Amino acid sequence: MNKNLLGSAAFVALGAALAFVPLSGYQEGIVVLLCINCIAAMGVSLLTGFTGIFTLGHAAYMALGAYTAAIMTVRYGIHWLPAIVAGGIVAVFVAWLIGIPTLRLTGDYYAIASIGLGEAIRLILENWQSFTRGARGFPGIESYSTRPVSVVFFTVLGIFMFNLLDSRLGRELKASRDDRAAASLMGFHTPTSRMKALLLSAFYCGISGALLAGYMNFIQPSMFDMMKSTELTAVVVFGGLGSMSGTLLGSAIITSVMEYFRDISQYRMLIYGFLLVVIMVLRPEGLLGSREIWSFFMPASDGSGGARGRE
Amino acid sequence: MGIDMQFTTLFQQIINGLSLGSVYALIAVGYSLVYSILSFSNFAHGGFLVVGGYICYGLLSGLDVYGYFTIPPFNIWLAGLNALIGAGFIAVLTERLAYKPIRERTSMTLYLLIASMGVSIVIENIFVIVVGGRFRALPQDIFQDVFAVLEKILGFFGLQSTREGSSHLFNLGGNVTVSMFDILSLIVAVLFLGGLQLFLRRTRWGLAIRAAACDLRTAGLMGVNVSLLIGIVFFVAGVLAAIGGIFLSFRYTLYPQLGGITTKAFVAAVIGGLGSLPGAVVGSLILGLAEMLSTGFISSQMRDLVVFSLLVIMLLVKPAGFFGKQISDKI
């Protein structure tokens, strides 16, 4: 309990730092983008890193969140706060519909199913001209994703996520990741816990997408293609599967690097792809492996915090 | 009269669908072959396809390497052959540089999967940087030589060909016509898939590959040179992908993101059962038919949606696909 309070306090401090350190307009934009990317990465990390379900379609949930928030605020004049939350909820609902048939699948089968479904959602958004304006994109979204708003969302969702990982559900997920059969024998109903993980991750991605809509003021389906999904998962693997702080670190590094290379955008993706291969060859376990960042500073602990490597 | 038209469309789209499906089959079989040996989804497979397409395009239109030396335009046979070998070589190179170090270190296929995505991004963007992202059309008359041969063969069976501009059409009676290109892609696909089948069934290496698909480790213990075997598998996959690439870039256009079309080949492989070669072929034909029939009767924008709905339905009804091993969760 003490540890959790400490962690939450650290998170609030991080949030406060992000929210109140004076920055230029451009840097503020990067902070907002950082928060948005981190929220989505946390969602994917829960599913891929902690539950062992490899997804390649989570950009679709971001798209759902983004379009829900955009349509609600622009077309119906609803305040942005309920719109963002609604974005998350719509993503959860769709994830639930999708999860029922697909969560039975494992490994590459799920990955390919998630590509297919992600693309299907994108195609629906692209072809439903009357509602989403299709491939032309959806303009005129008010800029509600200011720095304080996105930092608050990031902080609240972050604290929730870190406490969740230490909760009963968190242990359940890790158990079902490491050995499904053993976890079932321990009395966990693994299909239910996998579903919970999917719904939570969809919620995070939905919120992140809704915030992205408010940051960009303009969304279009091609922003949420397979490339974006790949990026989400790659960030999680880069940070270390099974390490939430690694995910945040990885997301921060990738976001900054991509921002830094914005001028040479042609080479940006090349470098990014190359980086993925090199990391997998040299350090496949990612930046932090499956350890959390504080475990590096603490004396050898009891080893219960998921510090054991995943072989 | 209306029903007649419908019937003609149906027949026409079935032929188109089979032709498209056979191209998917070439791609899906290579992908499935790699999956059956290393059990990971090689997302770089689309990259091999693009490599094949660009080599073929480059050699057909003649290369000019920064003014240092020029390569005169090749004919389709030589350009195609070079494209196949080039793509096969790139596939082997990818395996040696990116996958082998990972394979030797861990048994987690997830890392291979991520690396393969990296490779696919790298290949795509190399082409964006080197040749530019614009769409390129393969010269329409490249298959003239091949068509001339085909024309003679089909003429032997009494099928008359007509020309409309640059496209050769065959009249099958009624109003149903088949383009020469569709027949060609069907024939080439059948030839290469048949060749692969012969290779797998009749040669020692084929036997080794089939053994490795069963159990790679045990095959290694039985004295199979696993490293060479994986190299061969990647070469074959690259060659098949390149043929698919050439046909796809002729059918549509050639651009660096053309590899994205392999998503459909993956879907086809899943519908047929991952890792199963007959499954990949059957899945691809189903997919090609579904795509063309929905183009003919619903709308061409809906065809991708139909493809993905097909995937979902298949996963609901029979998650292992038609020929796959039972993998779904039993808990």
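## Close-ups of a predicted two-chain model

**View 1. H2(A) passes H12(A) in a right-handed crossing.** This is a predicted model, as are all the views below. Here we look at helix H2 (residues 25–50) of chain A, whose axis comes within 9 Å of that of helix H12 (residues 244–260) of chain A. The two axes cross at roughly 140 degrees, so H2(A) and H12(A) count as oblique to each other. On the H2(A) side, the contact includes A:Ile30, A:Leu33, A:Leu34, A:Asn37 and A:Cys38, and also A:Ala41, A:Met42, A:Ser45 and A:Gly49. H12(A) answers with residues including A:Met244, A:Thr247, A:Leu248, A:Ser251 and A:Glu259.

**View 2. H2(A) also packs against helix H7 (residues 147–165) of chain A.** The angle is about 20 degrees, with the axes 9 Å apart, and that makes H2(A) roughly parallel to H7(A). This crossing is left-handed. Look for A:Glu28, A:Val31, A:Cys35, A:Ile39 and A:Phe50 among the H2(A) residues in the contact. Their partners in H7(A) include A:Arg147, A:Phe153, A:Phe154, A:Gly158 and A:Leu165. A:Cys38 and A:Met42 belong to this contact, and both turn up in the contact with H12(A) too.

**View 3. H4(A) meets helix H10 (residues 190–216) of chain A in a right-handed crossing.** Their axes come within 7 Å and cross at roughly 140 degrees.

**View 4. Chain A touches chain B.** There are 38 residues of chain A in contact with 38 residues of chain B. On the chain A side, helix H4 (80–102), helix H5 (107–127), helix H9 (180–185), helix H11 (226–239) and helix H13 (265–282) each supply at least two residues. Which of them gives the most? That's H5(A), with 13 residues.

**View 5. H11(A) is largely enclosed by the rest of the structure.** Of its 14 residues, 13 are buried. From first C-alpha to last, H11(A) reaches 20 Å, close to the 20 Å expected at 1.5 Å a residue. Just after this helix, A:Gly240 takes a positive phi of about 120 degrees.

**View 6. The largest nonpolar core has 202 residues.** A:Ile39, B:Ala87, B:Ala115, B:Ala237 and B:Ala242 touch the most other members. Helix H1 (residues 2–38) of chain B provides the largest share, 16 residues. Zoom in on B:Ala115: leaving aside neighbours within four places in sequence, it is in contact with A:Leu276, A:Val277, A:Met280 and A:Val281 from chain A, plus B:Ala98, B:Tyr99 and B:Ile102 from chain B.

View 7. Is B:Ser299 buried or exposed? It has 11 C-beta neighbours inside 10 Å, so B:Ser299 counts as exposed. C-alpha to C-alpha, B:Ser299 is 41 Å from B:Ile232, and the two are 67 residues apart in sequence.

Key: Residues are numbered from 1 along each chain as its sequence is written. Chains are lettered from A and ligands numbered from 1 in the order in which they are written. This is a predicted model: local features need pLDDT of at least 70, side-chain atom pairs count only at pLDDT 80 or more; totals for chains, interfaces and linings use all residues. A nonpolar core is a set of buried Ala, Val, Leu, Ile, Met, Phe, Trp, Tyr and Cys residues joined through C-beta atoms within 7 Å. A residue is buried if 20 or more other C-beta atoms lie within 10 Å of its own, exposed if 12 or fewer, and partly exposed in between; C-beta atoms are placed from the backbone. Helices (H or I, at least four residues) and strands (E, at least two) are DSSP runs, numbered from the N terminus. Two residues are in contact if their C-beta atoms, placed from the backbone, lie within 7 Å. Axes are lines fitted to C-alpha atoms, for helices over the stretch in contact, and angles run from 0 to 180 degrees between N-to-C directions. Angles under 35 degrees count as roughly parallel, over 145 as roughly antiparallel, 65 to 115 as roughly perpendicular and the rest as oblique. A crossing is left-handed if the near helix is turned anticlockwise from the far one by less than a right angle, and right-handed if clockwise. The expected span of a helix is 1.5 Å times one less than its number of residues.
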